[in-house]
Each structure stands twice: as C-alpha cells, then as structure tokens.
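Hello,

Here is the structure I promised to pass on. Please open it and keep it beside this message as you read.

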Amino acid sequence: MSVTTPRGFRAAGVAAGLKANGGADVALVVNDGPDAGVAGVFTTNRVKAAPVRWSQQVVQGGVVRAVVLNSGGANACTGPAGFQDTHATAEHTASVLSAVSPRLLLGAGEVAVCSTGLIGERLPMPKLLPGVRSAIKNLSRDGGAAAAEAIMTTDTRPKTTVARGSGWTVGGMAKGSGMLAPGMATMLCVLTTDAVAGPATLDEALRAATRVTFDRVDSDGCMSTNDTVLLLSSGASGIEPTPAELAAAVTTACHDLAQQLIADAEGATKQVAIDVVGAADENDAVEVGRTVARNNLVKTALFGNDPNWGRILAAVGTTAAAFEPDEVDVAVNGVWVCRGGAAAEERSKVDLTGRDVTIRIDLHAGDAVATIWTNDLSHAYVHENSAYST
C-alpha cells in the first residue's frame, strides 16, 4: 500500500534534523524502471514556493527519475536564495544517485523537489543535503511507508494507497491536514505506476483524476503555496493500459487519498460530504457545494451537532448558481429538513452524533451533480493554527 507497490520504484524516509521533534523529515522516491514519464498538477496560488516553480519546469521536460521531499520547512517566500536551495537539492540528489547507481546517470533536471512546512524561512541546507544522502543509502522496495511518514507535518497518520489494474498497479502517498482547498487541497502527493504510459497520457489521467478528487476537498478554504501532485511511470509491467483504464485507476487512488486527507483535517470531529444535485451545470454544483463547505456558520453548527439548515440555505443564496430560492430542498443525514425553501421535517430527527455527515442540496435547476468534501470547524482547529509558527 505505497508508492513502491508498483514495480520499478524504491523509496526511503529519514530524519535529517529539520523537524524540532526529531522525526523523519526527508523522503525520496526513485524510478528505476525502463521508462521515466511524469505528469504534475500544482497549486494555482500566485504565491508559489521555490520547489513548486522548480518542479513545474522539470515536469515540462517529461522525464523524472527521482522526487525528493522534505517536511519541516516550506521554502516558500524565500526569494532567489530559496530557489537556489531547491536547485542545489536537485543537483545534490542527482549527483549522489548517479554515483551509487551509475545506470541512472540522471541530471538535476530529472529530479522534482517538494517541500512542506512553515512559510517564510529558508531550509537548513547543512542538514537537508546530508539527509538526502542518507535517504539514498536507505532506498528500498519496502521504503514507501517510511517515505509517507517523512512528509507529514500536522498530519496524525501517514496516507498511502494502491489501485490495481490488469497486470499493472498505481501506488501513492500524500500528506495534508490543514490549508486544504483547491487547487488542489494543500498537499504533497506522489503517485507511481508500473504501467507503460507517456507524459501526455499521464497528464490526461492525472488532470481528470484531480478535477474530481483533490480539487473537491475543501477543508478550510485556505490555498497553499506548495501544493504538488506528481504521477510517475516506470513502465516496468510492460503493459500499456488504455487511457481510460489508466485514468480510472489514478482516479481511484486519488479519491482514496483525498478521503484520507479530509478524515485527518486539523481538529475535525466531522467528515462531511456535500452532495449538490439538480444543478444547471457542473460548475454551478461545484460552486454551491464549495460555498457551503467554506461557510463558518455551517461548519460550527456541525461541530455543535446542530442541523441548522437555514445557514446552509443562506450560503447557497450567496452563489451565482441558477436556482429559484422557493424550490431548493436540503437534507442532512437523510432527513429532508428543508423543502421548497422552507421548513420540512423536524430537525430533531437528524442524528449528528457520528463522525460522518452528508448534506444533500437539490437545486431543481437541471441534471448536473457534484460532491465537495469538507469537515467541521472546532476549537482544536483554532488552537492548532493560532500557535502553528510558535
């Protein structure tokens, strides 16, 4: 259940001293396969971290042999020096890997870099670079679990997945528990496959998958500077699935990881699915779902086990979606508390004592549907994020 489940990949996770708690903080994923295709999707935040800008350039080349990731520092808003640190990390990784695995003979332009942690501070390179060297020494086919642990920040548990095709596999790992909002949910994610697929096919599959998974996770409405999702192909299976088959497997893997992200959202006591149906088009459905997901009055009501449908309807009314206010229906955990824009079944019938919550909003304006995944807003979220940098 990791990035090393597909054939042709090794990984490692080590402690380099970047985290104050001494935990693992440097991860490495290496593609040993006959192919080295890559696709990537990155944050749409205009303020992009140095590793995002570097990896965007690398992905354009269509070949990635290694991904080095660190927690304990985002290397965002660090200016030209921060970008040089990213470049130096890629160069160091390529140099050491080439020395210990001469058949790879990769250059810095084949190394993607990902960072996560506090914004605004440069990485301690005298610790990071030896950490990369240590990770290279520890590379193994069983190293996926350690790599997934090394990229955690406020996550309470590592997040890994596997989706199987016919003779080929997709594996993955992700981190993220706060600043979760598109594009693409604030996260780092590395997906691997041993299928035979070129960069164009990988890109098509990845974008189709992220559009309906990571892009629809909206925990707190806050977009990161470091979001990165990479898909690497080793071709080690020798099997070339159809583009549709590959896209389906990648979507399955991304959906699983997206649900793990929202389940581990900072301070969350509720895992919420907002199903919008009867929309005029998909964009309307997404807008309505996202607006409700980001509404603090709705989120705090859910934390308090209060099925306050009036707050939901009021949030829907702030959107530009096509609907008639007197025709909207709202259900919370299967109880239609609002029909035709007015009170319906008694809200006391709604059971919110469990963790899983489903809000269903029927706009009666068309046939389009979409689901947005979110969580409640708790005391613990406020506490964790009020003291994050101190």
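Predicted model: local features only at pLDDT ≥ 70, side-chain atom pairs only at ≥ 80, totals over all residues.

**The pocket**

Start with the largest pocket. Its volume is about 420 Å³. How many residues line the largest pocket? The count is 19. Look for Leu18, Lys19, Ala20, Gly72 and Gly73, which lie nearest the centre of the pocket.

**The cavity**

Rolling a probe the size of a water molecule over the atoms shows where empty space is left. Searching the whole structure gives one cavity of 30 Å³ or more. The volume of this largest cavity is about 40 Å³. Which elements give two or more residues to its lining? They are helix 8 (296–303) and helix 9 (309–316). Helix 8 supplies the largest share, three residues. Among the lining residues are Val298, Ala301, Trp309, Ile312 and Ile359. By class, the cavity lining has eight nonpolar residues, one polar and one charged. Asp306 and Asn308 are also part of that lining.

Now the backbone. Most residues other than glycine have a negative phi. Two residues here are worth a look.

Leucine 105 has a phi near 45°, a positive value, and it is not a glycine. Find leucine 105 in the loop between helix 2 (79–100) and strand 5 (111–115). Is leucine 105 buried or exposed? Its relative accessibility is 64%, and exposed means over 50%, so leucine 105 counts as exposed.

Histidine 364 is not a glycine either, yet its phi is positive, about 50°. Histidine 364 sits in the loop between strand 14 (356–362) and strand 15 (368–375). Its relative accessible area is 42%. That value falls between the cut-offs of 20% and 50%, so histidine 364 is partly exposed.

**A buried aspartate**

Last, go to aspartate 218. This residue is in the loop between helix 5 (199–212) and strand 9 (228–233). Why does aspartate 218 count as buried? Buried means under 20%, and aspartate 218 has 0% relative accessibility, so it counts as buried. Now find isoleucine 262. In sequence, aspartate 218 and isoleucine 262 are 44 residues apart. In space, they are 8.2 Å apart, C-alpha to C-alpha.

Best wishes

Methods:
Residues numbered from 1 in each chain as written. Heavy atoms only, no water. 1 Å grid on protein atoms, 1.4 Å probe; cavity = no way out; pocket = protein on both sides within 12 Å on 5 of 7 lines; lining within 4 Å. Points joined across faces, edges and corners; volume = space filled by probe spheres on them. Helix = DSSP H or I, 4+ residues; strand = E, 2+ residues; numbered from the N terminus. Buried < 20%, exposed > 50% of the residue type's maximum accessible area, 1.4 Å probe, protein only. Nonpolar A, V, L, I, M, F, W, Y, C, P; charged D, E, K, R; others polar.
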